[in-house]
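User: I would like to go through this model feature by feature. Please take the general idea of each feature before the case at hand.

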Amino acid sequence: MNILIIDDEKDCCFALENFIKQIPNCYPLSINSSLKALILIKEKEFDLIFCDIDMPELNGIELL
């Protein structure tokens, strides 16, 4: 399962990514820019997305 983590706080991305890595067959990828995430979502397919709501460039609701 490909999982995308979007959060402007690097520590949150790091913690969630490390937790998910422990789950078999789960492949997390974290990014801390909502604008870069938008580009990535167009290029790659994800089964699950964890997205922060309060981000500076583009908030999570607008992104989704």
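Analyst: Start with the order of the elements. Along the sequence, the pattern is β-α-β-α-β-α, from three helices and three strands. Keep in mind that this is a predicted model.

User: What radius of gyration would a compact globule with 64 residues have, and what does the protein have?

Analyst: A compact globule with 64 residues would have a radius of gyration near 11 Å, and the protein, at 11 Å, agrees with that. Along the principal axes, its C-alpha atoms fill a box of roughly 35 × 25 × 15 Å.

User: What share of the 64 residues is buried?

Analyst: Buried means under 20% relative accessible area. By that cut-off, buried residues make up 33% of the 64 residues.

User: How many salt bridges does the structure hold?

Analyst: The general idea is that side chains of opposite charge can pair when their charged atoms come close. The structure holds one salt bridge. E17 pairs with K21 in it, with 4.0 Å between the closest N and O atoms. Both residues belong to helix α1, residues 10-21. They are four residues apart there, about one turn of the helix.

User: Is E17 buried or exposed?

Analyst: E17 counts as buried, because its relative accessibility is 16% and the cut-off for buried is under 20%.

User: Which residues gather in the patch of negative charge on the surface?

Analyst: A charged patch is read from like charges joined within 9 Å. Here D8, E9, D11, D54 and E57 gather in a patch of negative charge. One of them, E57, sits in the loop that runs between β3 (48-51) and α3 (60-63). With a relative accessible area of 46%, E57 is partly exposed.

User: Which residues make the nonpolar surface patch?

Analyst: For nonpolar side chains the joining distance is within 5 Å. M1, L48 and F50 make a nonpolar surface patch of about 250 Å². F50 is part of strand β3, and its relative accessible area of 35% makes F50 partly exposed.

User: How far are the C-alpha atoms of L35 and L63 separated?

Analyst: L35 and L63 are 28 residues apart along the chain, while their C-alpha atoms are separated by 8.2 Å. L35 is found in helix α2, residues 34-43. Its relative accessibility is 42%, so L35 counts as partly exposed.

Key
Residues numbered from 1 in each chain as written. Predicted model: local features only at pLDDT ≥ 70, side-chain atom pairs only at ≥ 80, totals over all residues. Heavy atoms only, no water. Patch = residues over 30% accessible without salt bridge, like charges linked within 9 Å, V, L, I, M, F, W, Y side chains within 5 Å. Areas by Shrake-Rupley, 256 points an atom, 1.4 Å probe, with all protein chains shown as cover. Salt bridge = Lys/Arg side-chain N within 4 Å of Asp/Glu carboxyl O. Lys, Arg positive; Asp, Glu negative; His and termini not counted. Charge placed at Lys NZ, Arg CZ, Asp CG, Glu CD. Helix = DSSP H or I, 4+ residues; strand = E, 2+ residues; numbered from the N terminus. Buried < 20%, exposed > 50% of the residue type's maximum accessible area, 1.4 Å probe, protein only. Rg over C-alpha atoms; globule rule 2.2 N^0.38 Å.
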